[in-house]
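User: Hi! I would like to understand the labels used for this structure. Could you take me through them?

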Amino acid sequence: MIYVNLDVMLARRHMSLTQLAERVGLTIANLSVLKTGKAKAVRFSTLDAICRALDCQPGDILEYRED
Amino acid sequence: MKQKELSILLRAVVVLCGLVWLVFANWFGRMLGIAIRDGAYVLAYPLLLCLMLLPPLVVLWDAWHIFTQIGRNNSFCVENARRLRRISLCALVDTVLDVVMLVYGLIYKFHISAASAPSDSFFSRLDGDVFGAVVRCLFVAFIGVAVTVAAAALSHLTLKAADLQDENDLTI
């Protein structure tokens, strides 16, 4: 199972979800869906925008764990 | 045509069909009343006719809700797929009842009516030849089968579309 550790990176960068949503160009609702693990897929363009905004690698926010 | 306009138009068609259903319900109900008065041996035919009225009522109910969802821009949902499946089953039930009615009518006409029916019985009042009745019943059965198949296919497609939409909505 893929887990999205968005809140960990947000805490490290001292950024709120609202600020990230503005920088990435997504709605807070969509980012919440991603953060809570309800998303079924993520576009590369979205991942690119998030990594650029948080100055991190995809591996910093995506983690694979066995159920 | 916009979705809301389409939804209103389709629901208006459902209301019109509902009025037609009321006309048939009144007609078949009166036939049942005459049959009850004439005696039990002629009850099955009008009873079958009245039973055939129930599936179309369910179909109209489901169609109303499907068209309401279309107006709310929620055409592809699991609920609509379930409603279409129910419509398919109702059409199948109606087709079966129609065939049963045809068989019963033929048996009564050729084997029972000549021997035991009084001259002023329910069946003697039914006008029309046997061939015409067979053609009518087969035509209704054909429409029933067509609706069954079309609704079943639409149900499957709506379910697949609902899955795709759900996946698309949850793609960030």
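Analyst: Happy to, starting with handedness. A crossing counts as left-handed if the near helix is turned anticlockwise from the far one by less than a right angle, and as right-handed if clockwise. This is a predicted model, where local features need pLDDT of at least 70, side-chain atom pairs count only at pLDDT 80 or more, and totals for chains, interfaces and linings use all residues. Residues are numbered from 1 along each chain as its sequence is written, chains are lettered from A and ligands numbered from 1 in the order in which they are written, and side-chain values use heavy atoms, with hydrogens and water left out.

User: Which hand does the crossing of α2(A) and α4(A) have?

Analyst: The crossing of α2(A) and α4(A) is right-handed. Helices here are DSSP runs (H or I, at least four residues), numbered from the N terminus.

User: Why is α2(A) called oblique to α4(A)?

Analyst: Helix α2 (residues 17-24) of chain A packs against helix α4 (residues 44-54) of chain A at an angle of about 120°, with the axes 9 Å apart. Axes are lines fitted to C-alpha atoms over the stretch in contact, and angles run from 0 to 180 degrees between N-to-C directions. Angles under 35 degrees count as roughly parallel, over 145 as roughly antiparallel, 65 to 115 as roughly perpendicular and the rest as oblique. Therefore α2(A) is oblique to α4(A).

User: What makes α1(B) roughly antiparallel to α3(B)?

Analyst: Helix α1 (residues 3-38) of chain B and helix α3 (residues 54-71) of chain B cross at roughly 165°, and their axes come within 8 Å. That angle is why α1(B) counts as roughly antiparallel to α3(B). The crossing of this pair is left-handed. Residues of α1(B) that take part include B:L10, B:V14 and B:W21, while those of α3(B) include B:L60, B:W64 and B:F67; contact means heavy atoms within 4.5 Å.

User: How do you know whether B:S155 is buried or exposed?

Analyst: Buried means under 20% relative accessible area, exposed over 50%, and partly exposed in between (1.4 Å probe, protein chains only). B:S155 has a relative accessible area of 9%, so B:S155 is buried. This serine is found in helix α6 (residues 130-169) of chain B. Leaving aside neighbours within four places in sequence, B:S155 is in contact with B:A81, B:L84 and B:R85.

User: How many of the residues of chain B count as buried?

Analyst: Of the 172 residues of chain B, 35% count as buried. The secondary structure of chain B comes to 6 helices and 0 strands.

Methods
Helix = DSSP H or I, 4+ residues; strand = E, 2+ residues; numbered from the N terminus.
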